[in-house]
Amino acid sequence: MGITRRARGVLRRRDQDETIVPGSRNAVFGPALPEESTVHLVLDLGLRIGEVQMASGAGASDVTATITGVVNAYGLPHCEVDVIYTSITVSCYRGTELPPVTSLRVVRNRSVDYTRLADVEELLRRITGGEITAAEAYAELDRITTAAHPFPRWVATLAWAGMAASLAVLLGGGEEWQLPVFAAVSTAVVDRVGRLLNKRALPFFFQQAVGGAIATSVAIGVYALGWLTSPSLAVATSIIVLLSGMTVVGSMQDAITGYNVTAAGRIAELAVMSAGLIAGVVLALYVSLRLGGDTVSGLEVQDLGRAQIVAPGLTLLVQCLAGASTSACFALASYAPPRPLMVAGIGGAVAAGVHSVLSVSLSVHTVLAGAVATAVVGFAGGIIARRLRIPGLVVAVSGVAPLLPGLATYQGLFELSVLGDPKGLATMMLAIATGLALGAGVVLGEYLASPVRTRLGRLERRMSGPRMSGPVRPSRRRLD
């Protein structure tokens, strides 16, 4: 009945003298747009900016809001954006008289460079602020995306090694000075070998397998020589390094904000990369068993899987410092500029400190403690990052690094592949639950920070869902 009344009201308001000819129209509906060449330029600009964000691990909601803000800033108010894990599509509505213009860009490379991401974020602020023309923005974006990394590759290798050493201190409690040294050396070797394999375009699955095999083989070798008493911790640090930077945070963000296809793609990639790592670790353990039987150079192979995190033996200050060093080294290995690098270190210190207080002092389960710790990081990072004009994604991903479940992953694999113990399934499920809890905690913290940012400076965007990348106020149009 309501629809009928509204239809009758519309008919009464129509001009009675208007003659309606079937198949014709008396008016053209649609926005006033710039010329077609400008439309294509703006769409390509938005797509290329979205590609940089996707390659850096940004969520689909961030990419959608960013592209909408870019095209809206240059006079294309009615565009639909569709983001899946491997491609971005933008369609510009041009009214009832002209067909829409649709552009698509495939996201092939996923090389993380936080300096590039920070430069793109600054460019976005200028675009949405009306400070730069579309042609100038396109030229600036081309300069950003073609620029070399801000420092040599060997610096990134040292950063990965420093991250492994920091994790070794955090996991091993600083009781064995050899552990950080061997963890750093093993990680540096894995990074350089991975670099060579990447130049030869070897799929990342096999790169992860090679990395896991090298890390496990080095740990077993130094353990057999009697130079190390905690090989499990050495392998665990390398596993965490190989797991860091994966799409845990982006996957949870996409799943929570309703981009289920993209979330499924990210989770599938995470599963494949983890499977490659598992294959490498299991292969190294299997070869060790075949070569040494039940012992390796007189040492019990079963002892390779017996290790516990002894970080509670450290003071809270040392744990915070180790967490800060872990996150800062990860950000440095991802080519972060100085300001995001320092904030990432603070995020790691907060994550390690809160997790320690909850799990040790309050006896909270490690999964819940990790979720709460990363929620605090997401909350604080969501406020500080926007105030300092740095990508919140850097703080979010780096803050998770000290808490990744490397040791639980290794022990589960060891129990299943070496001991044949079905308890390994429970250990692996614990590792998976911990990883998902870390990602969900970061997204929850960012969501809780949204109203706080609004009250602090009226900087929040008008859209639904947590955001970790993109312009502060991309569009007046709601995106939900």
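1. Y335 is buried, with a relative accessible area of 4%; buried means under 20% relative accessible area, exposed over 50% and partly exposed in between, with a 1.4 Å probe and protein chains only. In this predicted model, Y335 is found in the loop between helix 12 (316-333) and helix 13 (338-361). Phi of Y335 is near 65°, a positive value in a residue other than glycine. Helices are DSSP runs (H or I, at least four residues), as strands are (E, at least two), numbered from the N terminus.

2. S363 also has a positive phi, near 55°, and is a residue other than glycine. The loop that holds S363 runs between helix 13 and helix 14 (366-388). At 61% relative accessibility, S363 counts as exposed, whereas Y335 is buried.

3. On the basis of the model: this is a prediction in which local features need pLDDT of at least 70 and side-chain atom pairs count only at pLDDT 80 or more, while totals for chains, interfaces and linings use all residues. Residues are numbered from 1 along each chain as its sequence is written, and side-chain values use heavy atoms, with hydrogens and water left out.

4. On confidence: pLDDT is the predictor's confidence in each residue, from 0 to 100. The chain has a mean pLDDT of 78, with 80% of its residues at 70 or more. Among the elements of the chain, helix 5 has the highest mean pLDDT (91) and helix 1 (residues 2-13) the lowest (46). Over residues 5-20 pLDDT stays under 50, and the model has four contacts beyond four places in sequence for them; contact means heavy atoms within 4.5 Å. Residues 455-464 likewise stay under 50, with 26 contacts beyond four places in sequence. Where pLDDT is low, the predicted coordinates should not be read in detail.

5. Helix 5 (residues 134-146) has 13 residues, which at 1.5 Å a residue should span 18 Å; its end C-alpha atoms are 18 Å apart, which agrees. The expected span is 1.5 Å times one less than the number of residues. The buried residues of helix 5 are A134, A137, L141 and I144. They cover an arc of only 80° around the axis, which puts them on the same side of helix 5; the arc is that of the directions from the helix axis to the C-beta atoms. On the other side of helix 5, A135 and T146 are exposed. The cover over the buried residues includes helix 2 (36-55) and helix 4 (114-128).

6. The largest nonpolar core has 94 residues, and those with the most contacts inside it are L43, Y74, I88 and I127. Helix 9 gives the most to this core, with nine residues. Such a core is a set of buried Ala, Val, Leu, Ile, Met, Phe, Trp, Tyr and Cys residues joined through side-chain atoms within 4.5 Å. Beyond its neighbours within four places in sequence, I127 is in contact with L45, I49, V70, A73, Y74, I132 and A137.

7. A236 lies in helix 9 (residues 231-243) and is buried, with a relative accessible area of 0%. Leaving aside neighbours within four places in sequence, A236 is in contact with L171, G406 and L407. Between A236 and G212, 24 residues apart in sequence, the C-alpha to C-alpha distance is 10.0 Å.

8. The unreviewed UniProt entry annotates "transmembrane region" over several spans, including residues 151-171 and 392-413. Residues 151-171 are 90% helix and 0% strand, with end C-alpha atoms 30 Å apart. Residues 392-413 are 77% helix and 0% strand, with end C-alpha atoms 34 Å apart.

Conventions. UniProt positions are given in the numbering used here, feature names are shortened, and annotations may be inferred rather than shown by experiment.
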